[in-house]
Amino acid sequence: MKTLNTDRNQNVLEFILTYGSILLWAVVIFYAYTQLIERALYGVMFLGGILLLYIVHEYMDVFEEDDYLSAILLGISAIIVLVTTVYIVQNFQMLFVEQRGRATDLQLALAVAFTLAMIYLTWRSFGMTFLVVLLAGIGYGLFGQYIPGVLGHGGISWGRMLRLLVLEVEGFYGFLNRLVAAWIALFLLYAGLLKAYGAFDLILRLAVRSAKYVSSGVAQTAVIASAVIGSVNGSQTANAGMTGSFTIPMMIENGVEPKTAGGIESVASTSGQVLPPVMGAGAFIMASLITGVTYIDVVIAGLIPAAILVVSVVVAVHYIAAPQIEDPSMDDFFEDKKTAVEIVLETLKYGIPLVVLIYVLGVLQYTVMTGALWTSVSMIITGTTIPVAKAAYDRRSISGEIRTVIDQTIEGSREGVVVLAPVAIILAAINGVVDILMATGVPTAVSLALLDLSGGIMIVAVILSMAICILLGLGMPTTAAYTVVALLVAPTLINQFDIPHLASHYFVFYAAILAGLTPPIATCAAVACGIAGADFWETIWEGLKISAPLYILPFTFVYHPEIVSGTFDATTYSIGVLALIGALSIIHGINYRFSFDRTVTYAARAVFFALGIVAMVFPNLVVQLGAVAAIALLYLLQAFKGKPDPVGAFRSFFRNLLGYINGRRTVPEEQ
């Protein structure tokens with residue numbers, strides 16, 4: 001029997017995917033530079049192109065496995081996508097402007113076929129979890145009249161549903177798809193080029209060098225690498241799979257337990273989603289959803305919370321991993337050593353595009369699309385010219401180096417498409433669900449229901465909001481999860497409880513990414529534990545111990561919105577410092593290895609945890625300062641406990657402290 005898998009078939013698919021990726025990026029760059037195409041029409045062309053390239057990529061696995069059923073379904077999907085895209089492009093003006101509210105039977109049939117294709121491709125991309133979300137959204141729109149209570153509605157007809165999803169060039173083709181096409185796509189091209197040019201290797205090398213100065217260095221290496229890469233990756237789960245494939249084995253080889261390695265990677269990948277300037281592509285969506293707020297405003301507002309999160313994660317990882325690591329120095333991790341000059345050149349190669357991004361967005365105040373365009377272009381320029389120049393200086397083959405950098409550039413464009421395709425599919429599907437929910441008035445219904453359940457008490461409403469955000473974010477990448485909760489939950493916090501827009505959106509943004517760490521789904525932890533070969537629940541527990549402050553930090557945004565106001569004054573800094581101390585107290589209480597007996601240890605953990613929450617969240621500054629003072633006192637008591645003469649140790653400590661203050665060092669008394 002003839003099989004699907006032949007070398008010729010694979011070569012053809014490789015050729016189509018590679019040069020199709022180059023063609024797609026050429027169109028994306030052309031649009032970003034000229035903007036000669038209407039945004040909605042460009043969105044249609046973009047979604048059609050990325051779906052076709054995704055199908056080609058999936059065919060490579062299908063041929064490898066001789067999966068005939070998938071081959072047939074993918075082939076049918078490709079025909080449907082191609083026909084639908086061509087039809088909408090040719091009849092764009094009629095569908096988008098002239099014929100809204102009406103459709104022929106043939107058009108409705110085409111919309112049905114495209115909707116089914118989107119459902120199938122969504123399932124292939126993200127499995128059953130999100131498929132249920134998509135089908136539930138469609139079902140809710142069609143059969144809302146049968147739902148009792150405040151969430152019920154009159155129902156949407158099949159014809160209106162199909163016009164909404166496809167024919168009016170909204171739904172799957174709506175604002176999220178256009179945002180991906182215009183903004184996010186170029187940043188994922190940048191991410192693909194970074195990987196192809198070897199940036200991940202440089203990040204890992206720099207992180208390994210830092211390991212010489214801290215005993216938990218191998219674990220901190222994983223945190224740094226995953227967080228940096230995760231910042232430009234729109235999915236914490238995908239990031240855990242990508243970076244975890246080398247960070248988790250690295251940690252395990254150096255003595256870290258598999259469950260701990262999996263927990264560290266899942267938290268690090270999640271943390272990367274909130275790091276400026278890209279914030280896992282969430283910053284772009286937030287800027288587009290909040291009226292009067294620019295992308296730069298969003299990034300600046302997120303700096304202090306991101307710093308708090310990173311510091312607390314680093315400390316937690318040190319507490320957990322340091323006792324397990326056998327070789328903190330990691331001297332023999334890389335077989336090939338790079339010279340200082342090579343490190344500097346590599347840093348320039350990847351650093352210059354980042355400087356370009358900051359300059360274009362922060363100084364010139366150009367649009368995000370323009371910033372992404374010139375960042376990607378500068379990455380191509382530095383990624384190709386610096387290696388060639390170094391080859392000329394070293395008197396190596398220039399032609400050989402040119403071929404290498406061309407191959408890397410092509411691979412980067414292909415890698416960018418592979419990373420982009422699932423993000424584009426999930427956001428297109430989410431856009432369809434969001435448009436259905438908006439058409440049925442769900443945001444207003446959720447607002448009324450939340451207000452009714454909370455009784456108008458803000459703390460109850462905020463806790464319920466976090467629970468809803470986590471539930472709605474299950475199984476979704478960062479951008480999709482945030483979009484849903486930003487449209488359904490954030491308006492309630494803004495309109496009913498007068499929480500500022502940025503604070504409300506940052507609350508739901510941070511809360512939504514917790515779905516990847518929160519049982520029972522915990523998709524990010526599930527990927528990490530699979531790579532580590534660890535128990536799922538043990539991996540989740542390790543991750544929760546590290547990420548505990550992440551569950552409290554969103555409440556700081558609500559009760560102290562100054563921290564995400566984007567203004568840096570004494571109030572902002574003081575709130576930031578108090579929140580950081582509180583986060584470290586929570587980490588210390590959960591993860592520090594106390595030398596007390598069991599009862600006192602549990603009590604100490606509970607007190608440190610409770611005081612940390614008060615320091616982070618409580619709306620009264622005096623109470624917060626009191627909590628910080630109590631934390632400091634408890635820490636001193638714990639630090640001096642177990643010494644042969646604790647009173648003498650205290651006296652010696654304070655005598656030394658006074659000596660430093662007076663400019664002299666006092667010799668401590670002998671114990």
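Student: Which residue forms a salt bridge with Glu 542, and how far apart are the closest N and O atoms?

Tutor: A salt bridge is a side-chain nitrogen of Lys or Arg within 4 Å of a carboxyl oxygen of Asp or Glu, and here Lys 545 forms one with Glu 542, the closest N and O atoms being 3.2 Å apart. This is a predicted model, in which local features need pLDDT of at least 70 and side-chain atom pairs count only at pLDDT 80 or more, while totals for chains, interfaces and linings use all residues. Residues are numbered from 1 along each chain as its sequence is written, and side-chain values use heavy atoms, with hydrogens and water left out.

Student: Where do Lys 545 and Glu 542 stand in helix 24?

Tutor: An α-helix has 3.6 residues a turn, so residues three or four places apart point the same way. Lys 545 and Glu 542 are three residues apart in helix 24, and are therefore separated by about one helical turn; helices here are DSSP runs of H or I with at least four residues, numbered from the N terminus.

Student: What does the salt bridge between Arg 124 and Glu 58 link?

Tutor: Arg 124 and Glu 58, whose closest N and O atoms are 2.9 Å apart, link distant parts of the chain, with Arg 124 in helix 5 (residues 105-142) and Glu 58 in helix 2 (residues 39-65), 66 residues apart.

Student: Which residues have a positive phi without being glycine?

Tutor: Among them are Val 169, with phi near 55 degrees, and Asp 498, also near 55 degrees.

Student: Where is confidence lowest and where is it highest?

Tutor: The predictor's confidence in each residue is pLDDT, from 0 to 100, and its mean for the protein is 85. Confidence is lowest in helix 28 (residues 646-661), at a mean of 57, and highest in helix 3 (residues 68-90), at 95. Where pLDDT is low, the predicted coordinates should not be read in detail.

Notes: Helix = DSSP H or I, 4+ residues; strand = E, 2+ residues; numbered from the N terminus.
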